[in-house]
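I opened this model to look up a few local features and write them down in order. The entries below follow the order in which I went through them.

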Amino acid sequence: MHLIKFLEFQQVQRQNQSLLKKNKLNLIATILLIIFAMLLYIVFVFPLAIQKGYIILNTICVVYGFTPITTLIMTAITEPGVILKRQISDNQQPESSLTQSNEDTIQIENTTQQDDVPKIYRERFCSTCNIQRPPKASHCRECNHCVDGFDHHCYWVGTCIGIRNWRYFVYFLIAAFSAPLLAFLVGIVLFINSFSLATTLWFEMFDTLGISVLIFYIFYIICGFWQHKTILNAFTLIIMIFGPLLFTFSIFQNRTQYQQYYYYENPYFTLFVSLVMLMISCMLLPMTSVNCSNALQFKTTKQIHSEEEFRREKGQFRFGDNKIEFNLMKKNLIQFITYHIPKSRYQNL
């Protein structure tokens, strides 16, 4: 018996090693993107904030900037709740807090025999893993194994999101959304303080380039904005962003009256970094809001989709059905923060 379990464990380990090689690049790429955003702030905004006297706010922003990396690594290294093949028998219940019924969720009794509940709450047989899948578990096609409390497979993290790392993943999204937003606010405050210098540099650019800048903007308004030329709009936007950057950098290097300034005192560098941080936050806003909403319902994405599909089949689906009261939301939030993370099934072999 122990030999069979050992051989099964070795097989799973070989599968996991191939998956790790495949997903490791995704994780490294995500970490590098976060580090790149942090370097932008540290190089172009951090020294200016120190110079202007925003020491405490700047320190909080830099320290908090490490939170996305920390939560990302915690999500990636935490085993998501993989159900090993033939490990759960037909009568055995998984050790999972998400499978505990309560008065605020759908009550499950003898789910194997019931058809009046969403599929996610039924015990189903997985022909790929050759196991009886417990309620709220699903098969991940990317990793080719079943996961308890399965939410989805995240390519940015490079792993499945399940019962054991779901909380870390939501924390990661919140940190990845709020850290750039905080950096954006700091950058905008610094840009407002340097607005007079920015205005002077802007008029310097118009004085130097003259009529060519005015013609460029008129051409954009006529041919790009009004006719909705996407490629032209994108090209013009790049010029509008990098044009002042390159011109003001040239002024700081070549004109005597500006050589007393450091590179980070260029207000357009600060504005550029602030806009990059705002863009990152805006890109993460939909994903963060959806996952935070799921956490407030204490349901995974898979559960919500399964419930919506079940209501459509019954003809009971209506938009706004997922709205919950504030007291229930608060209770679900506390439950999400404090729910017991089950022990990994690898430890039982």
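**Loop residues with positive phi**

I began with N130, which sits in the loop between β2 (124-126) and β3 (131-133). The model is predicted. I looked up the backbone of N130 and found phi near 60°, a positive value in a residue other than glycine. Is N130 buried, partly exposed or exposed? The relative accessible area of N130 is 44%, and N130 is therefore partly exposed.

I then went to F298, in the loop between α9 and α10. Phi of F298 is near 55°, again a positive value in a residue other than glycine. F298 has 7% relative accessibility and the cut-off for buried is under 20%, so F298 counts as buried.

**Helix α10**

Next I took α10, which runs over residues 301-314 and has 14 residues. From first C-alpha to last, α10 reaches 20 Å, close to the 20 Å expected at 1.5 Å a residue. Which residues of α10 are buried? I listed T301, Q303, I304, S306, E307, E308 and F310. For background, I noted that an α-helix has 3.6 residues a turn, so residues three or four places apart point the same way. I also checked what covers the buried residues of α10, and α9 is included. After α10 comes G315, and the phi of G315 is positive, near 70°.

**α9 against α11**

I looked up the pair formed by α9 (residues 267-297) and α11 (residues 326-338). Their axes come within 6 Å and cross at roughly 100°. Angles of 65 to 115 degrees count as roughly perpendicular, and α9 and α11 are therefore roughly perpendicular to each other. Which residues make the contact? On α9 I found A295, L296 and Q297, and on α11 M329, N332, L333 and F336. Sorted by class, the contact of α9 with α11 has 5 nonpolar and 2 polar residues, and no charged ones.

**Annotated spans**

Residues 55-77 are 96% helix and 0% strand, with their end C-alpha atoms 34 Å apart. Residues 168-195 are also 96% helix and 0% strand, and there the end C-alpha atoms are 40 Å apart.

I picked V63, in helix α3 (residues 55-65). With a relative accessible area of 54%, V63 is exposed. I computed the C-alpha separation of V63 and A179 as 9.6 Å, the two being 116 residues apart along the chain.

F184 lies in helix α5 (residues 166-193). Is F184 buried or exposed? F184 counts as buried, at 15% relative accessibility. Leaving out residues up to four places away in sequence, I found that F184 touches S274, M277 and L278.

**Whole chain**

Last, I took the totals for the protein chain. I counted 11 helices and 7 strands. Of the 349 residues, 42% count as buried. Among contacts between residues at least 6 apart in sequence, 69% join residues at least 24 apart.

Note on methods:
Residues numbered from 1 in each chain as written. Predicted model: local features only at pLDDT ≥ 70, side-chain atom pairs only at ≥ 80, totals over all residues. Heavy atoms only, no water. Axes fitted to C-alpha atoms, helices over the stretch in contact; angles between N-to-C directions. Helix = DSSP H or I, 4+ residues; strand = E, 2+ residues; numbered from the N terminus. Parallel < 35°, antiparallel > 145°, perpendicular 65-115°, else oblique. Contact = heavy atoms within 4.5 Å. Nonpolar A, V, L, I, M, F, W, Y, C, P; charged D, E, K, R; others polar. Expected span 1.5 Å × (residues − 1). Buried < 20%, exposed > 50% of the residue type's maximum accessible area, 1.4 Å probe, protein only.
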